[in-house]
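Thank you all for coming.

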Amino acid sequence: MDATPTPCLLQTRDARGVVTLTLNRPAAFNALSQALIEALEQALDGIAEDEQVRAVVIAGAGKAFCAGHDLKEMRAEPSLNYYQQLFERCGAMMLRIQRLPVPVIARVHGIATAAGCQLVAMCDLAVAASDARFAVSGVNVGLFCATPSVTLSRNLGRKAAFEMLVTGEFIGAEEARDKGLVNRVAPPEALDAEVESLVASIVAKPRIALALGKGLFYRQLETGIEAALADASQTMACNMMDESALEGVQAFIEKRPPDWR
């Protein structure tokens, strides 16, 4: 009898509703195979429909976070149609992260390269081990990291992003934080504690406020300032009418902790 195949994506959930998705192709440095992209799609779709989820952590098994696309798999079927479908599907998967109503945190160790670096940039927040390294290195094999450039240029300044894209060179965790790619850096042995610190701060807040805020945050980035301010005003008005905001303001007035049960 054949052994049960090892899943390429592991999913766990704690009592608070914090879901951890672990890329589980350690021998391939968690490269994004078609199967892994599909597994992420399914997991993210399930999370989007679950109102009890409060936050998501994306991590990698083994020695690395994610080494980008699976180049061996890509090279096995060289056709324009195949590549178009692959990159479109990967992009659609990553958009699911941004469209989730809860914050998504990248827990980064080892390397995050090419589409793996794109995955970090697509997450709302990122915490990196101090020895983590980042690169969009496709140019080193003659392939400009076009799809990663979209998210990278929305995290870093233009010149910093372009330098990474045209050189393919690595940057360290501290530089990644300075450039805006990650939020926090911790020693490898303290990485989980630093992620938990961020998670705990998030789950202490009302889910509805974060959901409304995250949706508005990304919408306004892609529009002009007049439309962005109009959208933000409407979002805040709707948020203010929610019971959690009314309770929070009343608690502030009464100088007591809010009761968000």
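Predicted model: local features only at pLDDT ≥ 70, side-chain atom pairs only at ≥ 80, totals over all residues.

Residues are numbered from 1 along each chain as its sequence is written, and side-chain values use heavy atoms, with hydrogens and water left out.

Six strands make an open sheet in the order 1-2-3-4-6-9, with mixed pairing, where strands are DSSP runs (E, at least two residues) numbered from the N terminus, as are helices (H or I, at least four), and two strands pair if DSSP finds at least two bridges between them. At the edges stand strand 1 (9-13) and strand 9 (184-186), each with a single partner strand, so one side of each has no neighbour in the sheet. From one strand to the next, the twist averages 20 degrees, taken between axes that are lines fitted to C-alpha atoms, with angles running from 0 to 180 degrees between N-to-C directions.

Strand 1 runs antiparallel to strand 2 and is joined to it by five bridges, and Leu 9 has Leu 23 as its bridge partner in strand 2. These two strands form a hairpin with four residues between them, and Gly 17 in the turn has a positive phi of about 95 degrees. On to the parallel pairs: strand 2 is joined to strand 3 (residues 55-60) by six bridges, with Val 18 opposite Ala 55, and strand 4 (residues 104-108) is joined to strand 6 by four bridges, also running parallel.

Let me stay with strand 2, where five of the six residues are buried, meaning under 20% relative accessible area with a 1.4 Å probe and protein chains only. Thr 22 lies in this strand (residues 18-23) and is itself buried, with a relative accessible area of 17%. Leaving aside residues up to four places away in sequence, Thr 22 touches Cys 8, Leu 9, Leu 10, Ala 59, Gly 60 and Ala 61, a contact being heavy atoms within 4.5 Å.

Now the pockets. A pocket is an open set of points on a 1 Å grid over the protein atoms alone, with protein on both sides within 12 Å along at least five of seven lines, and lining residues have an atom within 4 Å of a point. The largest pocket holds about 670 Å³ of space and is lined by 30 residues, with Gln 98, Ala 121, Met 122, Cys 123 and Tyr 218 nearest its centre. Among the elements giving two or more residues to this lining are helix 3 (80-99), strand 6 (125-129) and helix 9 (207-221), and helix 9 gives the largest share, seven residues.

The second largest pocket holds about 410 Å³ and is lined by 22 residues, of which His 69, Leu 71, Ala 114, Gly 138 and Leu 143 lie nearest its centre. Helix 2 (71-75) and helix 5 are the elements that give two or more residues to the lining of this second largest pocket.

Conventions
1 Å grid on protein atoms, 1.4 Å probe; cavity = no way out; pocket = protein on both sides within 12 Å on 5 of 7 lines; lining within 4 Å. Points joined across faces, edges and corners; volume = space filled by probe spheres on them. Buried < 20%, exposed > 50% of the residue type's maximum accessible area, 1.4 Å probe, protein only.
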